[in-house]
Amino acid sequence: MRRVATLFSALTLATLGWTAGTTAHAAPAPSPSPSPSVRGAAGTSVSTEEQRAAVRFWTTERLRAAQDVTTLPAARTAKLAGAAPTTGERVAVPPLPGPAAPASGPSTRATSPTAWTGGGLISTTAGKVFFQNASGGTFACSATVANSDNRSVVLTAGHCTVDAATGTGYRNWVFIPGYNNGNRPYGTFSARGLFWDSQYVSTRGNANWDYAFAVMNTLNGRTLADTVGAQGIAFNSQTGRHVHSFGYGGSAAEGNGERLNHCEGNEFADAGRPGSTMWGIDCVQTGGSSGGGFLADFSGGGGYLIGNISVSAGANEYHPTLGNEALSLYRQAGAA
C-alpha cells in the first residue's frame, strides 16, 4: 500500500490553519503583466534547466514511491486572517475542448469516492502532481487544467505548492494529465512558475487561502491546454449548488492513488469553524486528492472549477472559495 504523508511532519506545515446569481460566460479575462504588486500574490519561478531536470527526475520508480499528501486536517488553529472574499465581480472562463474522450451517460451518484469511468474532458484535464520538498521528500497531489490566456495553467492546493511554515516553494514540480496506473498518456509537464496567495503563508496555512496555480512549460512545442483541453473556471460564483470533485486518493478503496476518483453532492457552507469561508460536500477523498478540482455546471465531463480539494473533516471535504484575490492570482498566472 502507498504511504500517506501527514502535513505536520513530512511537509513541515506547522500549525496548519483553518478558520474555518447568474454567471457571465466570457473568454479568458485580460491579464495584466506579471508583477509583484498584484495583491496577495506570491510564488516562485523555475529556470529552464530546472524544468528539464524535473522531467528527468520523475522516473517510474519515483512516481510509485511518492507519498500521498493528505488534505488539511480541520482541528488546528493558526493566525487568523480576514475572511476570503465571497462577493465581487463574477467572472467565468468557459472550458476548452480537448482530444476526443467520449463521455458516457450520467454516472452513478458518487456519495463516496468512486472510480471515474465517465470519460469526457475531465479524463484528460485532471491529473497528478508530483514534487519534492526542501528535505528531499517526494510527494503527490492532484490538479486540474484551467482555461487561461497562456493555456498553461492548472489549479491545485496551496499546500501542494509551498511550505506554509517557511514560504519555500516546492521543487521538481510536474503535472501528468490523465495519469492512470503509472501511464502518462499526454506526457509529463514541468512547472515554470508556482503562484500561491501570500496570505496562505502569512497565516501559516489558513485553509481559506489554500488555493494555488501552476504555470506549466510547453511539451513538444504545444501548451498544456492545446494538448488536453481545459476546464472552465469561475470566480465569485454562486454557492450552494450541486458540485463534483475529482482527485487521486491514495487509499486502497480509491485505487492506491493510481486512478481518478469522483465525488459529488449538494454544497453547504462550513459552519463548524469560526472564520471559515469554505464550502463542502458529504463525501471525502483521502491523501493524494489534495488540489483536485471542485466543478459546478458539470456535464459530459466538463464544467467550471469553483475550488480545489483542501480540507477533510469527518465524512466531508471542503474547498476554499475563489474570490477576488484568487482572480488576481489566476490572471497573473495566465500572463506568465
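What is the angle about the S-S bond in the link of cysteine 141 and cysteine 160, and is that link left-handed or right-handed?

A: The link of cysteine 141 and cysteine 160 is left-handed, with -80° about the S-S bond. The pair joins distant parts of the chain, 19 residues apart: cysteine 141 sits in strand β8 (residues 138-146), and cysteine 160 in the loop between β9 (153-156) and β10 (162-163). Helices (H or I, at least four residues) and strands (E, at least two) are DSSP runs numbered from the N terminus.

This is a predicted model, in which local features need pLDDT of at least 70 and side-chain atom pairs count only at pLDDT 80 or more, while totals for chains, interfaces and linings use all residues. Residues are numbered from 1 along each chain as its sequence is written, and side-chain values use heavy atoms, with hydrogens and water left out.

The sulfur atoms of cysteine 141 and cysteine 160 are 2.1 Å apart, and a disulfide is a pair of cysteine sulfur atoms within 2.5 Å. Both cysteine 141 and cysteine 160 are buried; here buried means under 20% relative accessible area, exposed over 50%, and partly exposed in between (1.4 Å probe, protein chains only).

The structure holds two disulfides. The other pair is cysteine 263 and cysteine 283, with sulfur atoms 2.1 Å apart. This pair also links distant parts of the chain: cysteine 263 lies in strand β17 (residues 261-266) and cysteine 283 in the loop between β19 (279-281) and β20 (293-299), 20 residues apart. Its torsion about the S-S bond is about -50°, so the disulfide of cysteine 263 and cysteine 283 is left-handed. Cysteine 263 counts as buried because its relative accessibility is 0%. Cysteine 283 is buried as well, because its value is 2%. With the bonded cysteines numbered in sequence order, the pairing in the protein chain is 1-2, 3-4.

Of its 336 residues, 58% count as buried. The chain exposes about 12,000 Å², of which carbon and sulfur atoms supply 52% (Shrake-Rupley method, 1.4 Å probe).

Next, a contact between two loops. Glycine 229 lies in the loop between α5 (224-228) and β15 (232-235). At 0% relative accessibility, glycine 229 counts as buried. Leaving aside residues up to four places away in sequence, glycine 229 touches Leu96, Pro97, Gly98, Pro99, Leu121, Thr125, Val145 and Leu224, where contact means heavy atoms within 4.5 Å. Glycine 229 and proline 99 are 130 residues apart in sequence, but their C-alpha atoms are 6.9 Å apart in space.

Proline 97, one of the residues that glycine 229 touches, is in the loop between β5 (91-93) and β6 (114-115). Proline 97 is exposed, since its relative accessible area is 67%. With residues up to four places away in sequence left out, proline 97 touches Leu121 and Gly229. Proline 97 and glutamine 231 are 134 residues apart in sequence and 8.3 Å apart in space, C-alpha to C-alpha.

Two other loop residues have a positive phi. Arginine 204, with phi near 55° in a residue other than glycine, is placed in the loop between α4 (198-202) and β14 (212-216). Arginine 204 counts as partly exposed because its relative accessibility is 35%. Asparagine 256, again a residue other than glycine, has phi near 55° and is found in the loop between β16 (242-247) and β17. Asparagine 256 is partly exposed, with a relative accessible area of 26%.

Last, the largest pocket. About 210 Å³ of space lies in it, a volume being the space filled by probe spheres set on grid points, joined across faces, edges and corners. A pocket is an open set of points on a 1 Å grid over the protein atoms alone, with protein on both sides within 12 Å along at least five of seven lines; lining residues have an atom within 4 Å of a point. The largest pocket is lined by 15 residues, with Val46, Glu50, Tyr170, Arg171 and Asn172 nearest its centre. β2 (41-45), α1 (48-57), β12 (171-177) and β13 (189-197) each supply at least two residues of this lining. The largest share, four residues, comes from α1. The lining divides into seven nonpolar, six polar and two charged residues; Ala, Val, Leu, Ile, Met, Phe, Trp, Tyr, Cys and Pro count as nonpolar, Asp, Glu, Lys and Arg as charged, and the others, Gly among them, as polar.

Note on methods:
1 Å grid on protein atoms, 1.4 Å probe; cavity = no way out; pocket = protein on both sides within 12 Å on 5 of 7 lines; lining within 4 Å.
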